[in-house]
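These are my notebook entries on a protein chain. I looked up a few places in turn and wrote down what I found.

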Amino acid sequence: MYDRELGPAGSFNKQAAALACLQVAPVAGDIEELLALRDRLDAKISEALRAFDAEGCWAEDGSLSLSAWLAAHGRRSRKEAQREALTAKRLAQLPTTAAAWAGGALSSSQVVAVVANVSAEHAVLYAVHEDELTPVLAALSVRDTAAAMRSWRLHAEATTDGAEAVQRPSELHLSETLEGRRELLGHLSAEDAAVVEAAIAVAGRDFDPAETSLLSAAERRAAALVDVCRWFLDNSTSTSSASRARPHVSVVVGLNELASGGAGQLANGTPVPARTTEWLACDSELHRIVMAGRSTVLDYGSSVRTISPALWAALVVRDRHCRHPGCDRPPSWCDAHHVVHFAKGGPTRLDNLVLGCTRHHHVWHDQGWQLTLALDGTLTLVSPTGLVLTSSPSSLDLVGSALF
């Protein structure tokens, strides 16, 4: 905790005032000195981001990763945010490089070249040679630093990689465990692996693998894989594009249990937590089944979609993307979320629905966020800690009317 008056944060007002009064002469030496100072400020910011990330502070407003927080609050592009998050994470393993950056021996661009060529797998190896390599890199140009680091990376890969595996067909096994979960095991050819890795990378853009977050790297990959499969099922050409063929899993739950927040079951009997049952029911197909006891089916009604194609189209036109502030995932990655769940009396109408990407839909249900939707479409979100956020669907229209 930094004191706003005495600590580093307390000097920001003075720094801002000094910056406003700063007059930069068009003199080469002055500009060069300011650029060097900016690099050292970058190093300070990166140091703060490392601590900010380690403590998971970015999750307070519902952001899904440090890079997502930087994009929303730092006014960064997604690429810039991921690069800064990666740099902060990697330098936690490279103290000599971090110190050289903070001291001005390495420029920000040189540090980017280092981080781009030191993977998580090889960070420990680079740290062993860091004391010797850093003074050498400090004397080089950015171009030569990048070339030197590429050379180091190729040597590291040649040293650590094993013999080339014999090519064989890709295989995948999905086995049930005693807990009702599934264990995924398999191996892929180089070509198939490239396709899968690319898809997971795109799906997991909010969970940058270089970041340290509340989820492990393995959990982020699993979430991305599920997103890929869900997107394919939602948008498969085997069904009408308007029908959005859902659900993809079947959950059995009594009407009273659903209304009272009770748990459900998968078709094979595996228990499903109440919060999962609730978010699945937000945007799904419902079947009415009248039972006599536990084993006799008296009546099986036709499926009824909770969200009709027409209502979905209207929701997409209004919201355009996930409504959580700072998230821009498109409708194809989103569910229709009932602000007040239909099992608790909430109507399935436009004035009670918002688009939520799968991840934020989980956050809202699992963490107990409170959402309120105004008649003009303004969404108010209150986090479990009391943080209040707002999201307006009209921001794009306002920008458009200002431009044209």
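Before the first entry I note one term: a polar contact is a pair of N or O atoms within 3.5 Å, where, within protein, one must be able to donate a hydrogen and the other to accept it. I also note that the model is predicted.

**Entry 1: the chain as a whole**

I began with the overall make-up of the chain. I found 15 helices and 14 strands. Of the 404 residues in the chain, 33% are buried. I then turned to contacts between residues at least 6 apart in sequence, and 53% of these join residues at least 24 apart.

**Entry 2: Ser108**

I looked up Ser108 and found that Ser108 belongs to helix 6, which covers residues 108-117. Is Ser108 buried or exposed? Its relative accessibility is 13%, so I recorded Ser108 as buried, because the cut-off for buried is under 20%.

Next I asked which side chain forms a polar contact with that of Ser108. The partner is Asp42, and the polar contact between the two side chains is 2.9 Å. I then listed the contacts of Ser108, leaving aside neighbours within four places in sequence: they are Asp39, Asp42 and Trp101.

**Entry 3: Val111**

I stayed in helix 6 and moved to Val111. Its relative accessible area is 1%, and Val111 is therefore buried. Not counting residues up to four places away in sequence, Val111 touches Thr87, Leu91, Trp101 and Leu106.

**Entry 4: helix 6 with helix 8**

Two packed helices are described by the angle between their axes and the distance between the axes. I looked up both values for helix 6 and helix 8, the latter being residues 142-160. The angle is about 15° and the axes lie 9 Å apart. Helix 6 and helix 8 are therefore roughly parallel to each other, as angles under 35 degrees count as roughly parallel. The crossing of helix 6 past helix 8 is right-handed.

Which residues meet here? From helix 6 I listed Ser109, Gln110, Ala113, Val114 and Asn117; from helix 8, I listed Val142, Thr145, Ala146, Met149, Arg150, Trp152 and Arg153. By class, the residues of this contact are six nonpolar, four polar and two charged.

**Entry 5: helix 2 with helix 3**

I looked up a second pair, helix 2 (residues 28-54) and helix 3 (residues 66-73). These pack at an angle of about 120°, with their axes 11 Å apart. I therefore recorded helix 2 as oblique to helix 3. Helix 2 passes helix 3 in a right-handed crossing.

In this contact, Leu49, Phe52 and Asp53 of helix 2 meet Leu66, Trp69 and Leu70 of helix 3. I noted five nonpolar residues, no polar ones and one charged.

**Entry 6: Pro347**

Last, I looked up where Pro347 lies. Pro347 is in the loop between strand 10 (334-338) and strand 11 (353-357). With 29% relative accessibility, Pro347 counts as partly exposed. I found that Pro347 touches His338 and Asn352, not counting residues up to four places away in sequence.

Note on methods
Residues numbered from 1 in each chain as written. Predicted model: local features only at pLDDT ≥ 70, side-chain atom pairs only at ≥ 80, totals over all residues. Heavy atoms only, no water. Helix = DSSP H or I, 4+ residues; strand = E, 2+ residues; numbered from the N terminus. Buried < 20%, exposed > 50% of the residue type's maximum accessible area, 1.4 Å probe, protein only. Contact = heavy atoms within 4.5 Å. Axes fitted to C-alpha atoms, helices over the stretch in contact; angles between N-to-C directions. Parallel < 35°, antiparallel > 145°, perpendicular 65-115°, else oblique. Left-handed = near helix turned anticlockwise from the far one by under 90°. Nonpolar A, V, L, I, M, F, W, Y, C, P; charged D, E, K, R; others polar.
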